[in-house]
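The following exercises concern a single protein chain and one residue within it. Please inspect the sequence and the structure before reading the solutions.

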Amino acid sequence: RQPEVLAFETGSNQWRTYDEWPPANASQQSLYLQAKGGLSWQPSTSSSSEGFDEYVSDPGKPVPFINSIEIGMTREYMVGDQRFASQRPDVLVYQTAPLLNSVTLAGPITATLYVASTGTDADYIVKLIDIYPNDAPDNEPNPANAKMGGYQMMVRGEPMRARFRNSFEKPEPLTPNKITKIEFTMPDVNHAFLRGHRIMIQVQSSWFPLVDRNPQRFVDINKAVEEDFQKATQRIYRTASYGSRLTVNVVK
């Protein structure tokens, strides 16, 4: 008899069998964005009006989805090293301390962001990343000559266009500088973050050319002209009242 669920668990690189999905022994927990690039299972206790991070998103200089020039969309981007993105000023980075024990996630992921934009539309891309220890050995064989020490392996990435935050049928503009909740479901995951690794979340507002450039102005993007595209400041809040987070299923 075949199991109800047969799933390959990345990170540990093992096959798992479950009676249901998400697994019955998985519990919902949230990873909260914290000050100074921290990431924690505990909600932020900050009540300060300064409890946000911000960046300037420029449609003229979008964040690329890979750190090389390729013809077409390569499948390697799905596990590509994100260090190139984490060094950009228009990408926010949050990470845990090195894990004392392995953490396995199985099932859907819900991204909840509290944002404010100077524009009337914006994209918000959330990436879940597994950071390898600095002394992680390289793979064998290693035809791509990938250096695994400090590798930031993307586990999941998903965009949400703010105009569709409430409905895909009835797009709505953002009110400039107003704190707004953006919540969306990311694809399911079955991944083990091993002991000594870190969990990272990156937030950005472009992912070119996987996602077409957003003018950051509430216009018909298919008919947008160059004058419609504008820079915008994006704020991501991380306070007790506006707790931006990822909600995941942690296998016990």
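**Exercise 1: The surroundings of Asp53**

Task. In the predicted model, determine which residues Asp53 contacts, leaving aside its neighbours within four places in sequence.

Solution. With those neighbours set aside, the contacts of Asp53 are Gln34, Leu92, Tyr94, Gln234, Arg235, Ile236 and Arg238. Asp53 itself lies in strand S5, which spans residues 52–57.

**Exercise 2: Burial and polar partners**

Task. Decide whether Asp53 is buried or exposed, and identify polar contacts of its side chain.

Solution. Step one: the relative accessible area of Asp53 is 19%. Step two: the cut-off for a buried residue is under 20%, so Asp53 is buried. Step three: the Asp53 side chain forms a polar contact of 2.7 Å with the side chain of Tyr94. A polar contact also links the side chains of Asp53 and Arg238, at 2.7 Å.

**Exercise 3: The chain as a whole**

Solution. Step three: buried residues account for 49% of the 252 residues. Step four: of the contacts between residues at least 6 apart in sequence, 79% join residues at least 24 apart.

Terms used:
Residues are numbered from 1 along each chain as its sequence is written. This is a predicted model: local features need pLDDT of at least 70, side-chain atom pairs count only at pLDDT 80 or more; totals for chains, interfaces and linings use all residues. Side-chain values use heavy atoms; hydrogens and water are left out. Buried means under 20% relative accessible area, exposed over 50%, partly exposed in between (1.4 Å probe, protein chains only). Contact means heavy atoms within 4.5 Å. Helices (H or I, at least four residues) and strands (E, at least two) are DSSP runs, numbered from the N terminus. A polar contact is a pair of N or O atoms within 3.5 Å; within protein, one must be able to donate a hydrogen and the other to accept it, and residues adjacent in sequence count only if both atoms are side-chain atoms.
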